[in-house]
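Me: I have a structure open on my screen and would like to learn how to read its features. Could you walk me through some of them?

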Amino acid sequence: MREEQIEKLRVVVRDCVSKHLYSSAIFFADKVAALTSDPADIYMQAQALYLGRHYRRAFHLLNASQIVLRDLRFRYLAAKCLEELKEWDQCLLMLGDAKVDEHGNITDIKDYNSMYLDKEGEDREINIISAICFLRGKAYEALENRVQARLWYKAAIRADPLCYEALECLIEGHMLTCEEETNLLATLQFGAEDGWLSSFYSCLIKKYDKENVVESKFRELELEASNTKTPGKSLCTLKDNTDLLACKAEYFHQCGEYQKCFELTSILLEKDPFHLKCTLVHLAAAMELGHSNELYLMACNLVKDYPQKALSWFAVGCYYFCTKKYDQSRRYFSKATSLDGTFAPGWIGYGNAYAAQEEGDQAMSAYRTAARLFPGCHLPTLYIGMEYMRTHSFKLAEQFFMQAQIICPSDPLVYNELGVVAYHMKEYKKAVWWFEKTLAHVPSSLSEMWEPTLVNLAHALRKLKRYNEAITYYEKALALSTRSLSTYAGLAYTYHLQENFTAAITYYHKALWIKTDDQFCTEMLTLALSDECRLGIDPKVETIRSQLFT
């Protein structure tokens, strides 16, 4: 057969692959390889077999060729076949020997350097070394060696920043702390035209920076425009990109702005109902807002569309958790973790379902598993501390909160819990310091979520007899929420300690309006009325009273 005819057959094979006609591709690729015995044609045949899910046959073909140990593409495709066959040890053997250090630098790659590498691809093809590192990371993760998996994922993204899957595994698997994520991005060598990608990656990692910093990153990406000019078509930007908007929704959730988060994810899911990252954030926001109907509908749709995904059963667990049916929620969170042991929300939900019923030992077990599997996620450690605090083991709680603070030094919730522990241990100066640090780390303007922190700070200041400062923070808390019993009671008690009985009586009454049978406020109101009668009313105080009641 003439070379022109053979080339036509090659074109047919490529066209069959592009049209997903894999049996046709395999048929014609087999004939081309038989006619030429060219390594490129053997590789094309192996690719057609791989795409047609004939993994054993593709592996046998590649392994039988003499070039498999000399061409990285052959070796990589053979390893991909073993990946699909779940033969992970053999997959690692096929990829050859190499070592990686803690920073993701590949060492001892003499095996790779001796190989022939045909570089006929496009200028922007992803580095084959990066793809091999990523596959090695997947193999180690499947073998439950997450330490090695983390190092190889880092090596993959460092070898080529375009290998997004490696970064996704590091982020979704919570393998890196906040600092490690930031340091890794700083070491990536992006091309001159890939500035937008650097910004996008920085939006994907944990977002605990100040509001203006994060917003500027989003704004920069939203203004990123295409230089391609099509007549009659407006300028294209990333402003409405679903991945970018999902990142923004995630940021709103981390800031505690659950309503904004829910509204944004609702719009996104109308546009792209099967965007799973956005779906997870939407479920989390719906949980916080108590939207059980939305959770029920989401769970039904997910179980129907993705019965084998952990996210689907996690959604069912969320619905039952929201409706306070903790036994059922636990069952479905457990099912989510059995389907995917690396699904962090499933483990945390499982622990929370036990904690909601004060079953501390089982909750701790789930949190410890999550802390072991996800060293870059501070939430399991934080929740372990909360469980210890619930049982009044304050020293142990403090140790775990400090560990959580090391993993994620920017999360204000960690500092709030440290302040609560210090308060319980009667270390009020330390508590004030932690609460002030909490408020300093809140990324956006204060919302109702942070009202308890303001109240806690006011309580600690009151204990230190810094009454005027305490009153200031109680009033700030009231500006965020007017339905808090502890705020009114604390404010009343502070005025009482200042012997401003009129103001104290006013706020005791307001506290009792919220909860009429509160014992503390009832007793203290009686005492305040008695004190006012005994000491008389100062004319200045009488003026204040008239202002308060008008």
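Reply: Gladly, and let's start with contacts, meaning heavy atoms within 4.5 Å. Leaving out residues up to four places away in sequence, Phe314 touches Leu280, Leu283, Phe333, Ala336, Phe343, Pro345 and Gly346. Before we go on, note that this is a predicted model, where local features need pLDDT of at least 70, side-chain atom pairs count only at pLDDT 80 or more, and totals for chains, interfaces and linings use all residues. Residues are numbered from 1 along each chain as its sequence is written, and side-chain values use heavy atoms, with hydrogens and water left out.

Me: Which residues have the most contacts inside the largest nonpolar core?

Reply: A nonpolar core is a set of buried Ala, Val, Leu, Ile, Met, Phe, Trp, Tyr and Cys residues joined through side-chain atoms within 4.5 Å. Buried means under 20% relative accessible area, exposed means over 50%, and partly exposed is in between (1.4 Å probe, protein chains only). Here the largest core has 132 residues, and Tyr201, Leu283, Phe314 and Tyr508 have the most contacts inside it. Helix α18 (residues 310-322) gives the most to this core, with nine residues; helices are DSSP runs of H or I with at least four residues, strands are runs of E with at least two, and both are numbered from the N terminus. A second, separate core of 37 residues includes Ile42, Ala58, Ala79 and Leu95.

Me: Is Arg10 buried or exposed?

Reply: Arg10, in helix α1 (residues 3-18), counts as buried because its relative accessible area is 12%. Its side chain makes a polar contact with the side chain of Glu3 (3.2 Å). Such a contact is a pair of N or O atoms within 3.5 Å; within protein, one must be able to donate a hydrogen and the other to accept it, and residues adjacent in sequence count only if both atoms are side-chain atoms. Beyond four places in sequence, Arg10 touches Glu3, Val32, Thr36, Asp41 and Met44.

Me: And what should I know about phi?

Reply: Most residues other than glycine have a negative phi. Lys465 has a positive phi, near 65°, and lies in the loop between α26 (451-463) and α27 (467-480). Lys465 is classed as exposed because its relative accessible area is 63%. His174 also has a positive phi, near 50°, and its place is in the loop between α10 (164-172) and α11 (178-187).
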